[in-house]
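Reader: I am new to this structure and would like a close look at one part of it. Please show it first.

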Amino acid sequence: LALKNQAPFILKRNEAYIGVLIDDLVTKGTNEPYRMFTSRAEYRLLLREDNTLFRLGEHAYRLGLMEEDFYKELKKDQQAIQESLKRLKECVLTPSKEVLKRLNELDENPINDKMDGVSLLARDSFNIEKMRSFFSFLTPLNERVLEQIKIECKYNIYIEKQHENIAKMDSMLKVSIPKDFVFKGIPGLSLEAVEKLEKFRPKSLFEASEISGITPANLDVLHLYIHLRKNS
């Protein structure tokens, strides 16, 4: 990439475990052998083995590591997943005779209240064959797509929460830190964090995040007190 005068390829912490590993070693350093524990990744629910192609396919194609035909098929699958999830969220099921009959035919427990399609597919017992049988728009989809839809439905609440946290963090890192901001005395900041912040005097939360030993929790606290100062 450097020989072609192209931008370096950098994987983010929410894109791959190697992104977590490199970011930890570069920005936080280590005084002992480093081990890549899954617990080091804040967004590990997104870093699953089953979604590797969908997660890294765009990068692979851009870097010339994926053939165009395969990439086009992958994009079609991604679109099918997003459109299907949207329809499932909009699909409201009620405990009507027809719905209860169809659930009984699939050997599924009845529903007592309204629920959307995502909640129904979140059931462990609702396998791919039942998905195709109950929702006609899922019938023509391949197993790779249906597997992703099933997983997204099962962990929907947690996956959406992690996407919200990523967006929040991206927005938060753009926040500037006032030149005369006093770090000492802020509840929630450790003595080590205060010493490093006073020493390096970062101009923004992004610069603060690059300091070894400054954790996401520290950034949350700083963001809160910067916001309180602006409003006071």
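Reader: In which helix does isoleucine 18 lie?

Author: Isoleucine 18 lies in helix H1, residues 17-28; helices (H or I, at least four residues) and strands (E, at least two) are DSSP runs, numbered from the N terminus. The model is predicted, so local features need pLDDT of at least 70 and side-chain atom pairs count only at pLDDT 80 or more, while totals for chains, interfaces and linings use all residues. Residues are numbered from 1 along each chain as its sequence is written, and side-chain values use heavy atoms, with hydrogens and water left out.

Isoleucine 18 counts as partly exposed because its relative accessibility is 47%; buried means under 20% relative accessible area, exposed over 50%, and partly exposed in between (1.4 Å probe, protein chains only). Together with Ile22, Leu25 and Val26, Ile18 forms a nonpolar patch on the surface, with about 370 Å² of accessible area in total. Such areas come from the Shrake-Rupley method with a 1.4 Å probe, and for residues only the protein chains shown count as cover.

The C-alpha trace spans about 70 × 50 × 35 Å along its principal axes. Of the 232 residues, 35% are buried. The protein exposes about 15100 Å², of which carbon and sulfur atoms supply 53%.

Methods. Patch = residues over 30% accessible without salt bridge, like charges linked within 9 Å, V, L, I, M, F, W, Y side chains within 5 Å. Salt bridge = Lys/Arg side-chain N within 4 Å of Asp/Glu carboxyl O.
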